[in-house]
Amino acid sequence: MKKSFTSLILTLLIIAFAFICLETNPTREDYTIWLKKEYIPSITHTSGITEVFAQVIGPTFINESTTTKNYLFFSLYDIHLEQDESTKVLGILDHFFVLE
């Protein structure tokens, strides 16, 4: 009986976590907002791109060169800035994490 109760609690926790991930999977609009607030300023600091270009043209350029794969519980964004260079971003639980 104790084993079945533990299994039930574990199952309910997994279902609750899956539901939370499903409800907080960031949208493309959330991604665009994150680009403007977090990602663009971080790459302009390291690459020397001017602030005007980064804030005006940067989000549109990067947003247009991004492919999105939505896996319901999380999303993967692949930014293709150059032929050989890409950056992957994970969107989960209303947050974004740069993977590479």
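By the rule used here (a side-chain nitrogen of Lys or Arg within 4 Å of a carboxyl oxygen of Asp or Glu), the count comes to one salt bridge. Its partners are aspartate 78 and lysine 88, whose closest N and O atoms are 3.2 Å apart. Aspartate 78 belongs to strand β2 and lysine 88 to strand β3, so the pair ties together parts that are 10 residues apart in sequence. Aspartate 78 is buried, at 15% relative accessible area, while lysine 88 counts as partly exposed, at 31%. Here buried means under 20% relative accessible area, exposed means over 50%, and partly exposed lies in between, with a 1.4 Å probe and protein chains only.

Before going further, a word on the model: it is predicted, so local features need pLDDT of at least 70 and side-chain atom pairs count only at pLDDT 80 or more, whereas totals for chains, interfaces and linings use all residues. Residues are numbered from 1 along each chain as its sequence is written, and side-chain values use heavy atoms, leaving out hydrogens and water.

Now let's turn to the sheet. Four strands form an open sheet in the order β1-β2-β3-β4, with antiparallel pairing. Strands are DSSP runs of E with at least two residues, and helices are runs of H or I with at least four, numbered from the N terminus; two strands pair if DSSP finds at least two bridges between them. At the edges stand β1 (66-70) and β4 (95-98), each with a single partner strand, so one side of each is left without a neighbour in the sheet. Strand β3 (residues 86-92) is joined to β4 by four bridges, and glycine 91 has phenylalanine 96 in β4 as its bridge partner.

Phenylalanine 96 also leads us inside. The largest nonpolar core has 10 residues: Tyr31, Trp34, Leu35, Tyr39, Ile40, Ile62, Tyr77, Ile79, Val89 and Phe96. Such a core is a set of buried Ala, Val, Leu, Ile, Met, Phe, Trp, Tyr and Cys residues joined through side-chain atoms within 4.5 Å. Both α2 (28-47) and β2 (75-80) supply at least two residues of this core, and α2 gives the most, with five.

Finally, the surface. Phe17, Phe19, Ile20, Leu22, Leu72, Phe73 and Leu93 make a nonpolar patch of about 660 Å². Patch residues have over 30% relative accessible area and no salt bridge; nonpolar side chains (Val, Leu, Ile, Met, Phe, Trp, Tyr) are joined within 5 Å, and like charges within 9 Å. Leucine 22 sits in helix α1 (residues 2-23) and is partly exposed, with a relative accessible area of 37%.

Notes
Areas by Shrake-Rupley, 256 points an atom, 1.4 Å probe, with all protein chains shown as cover.
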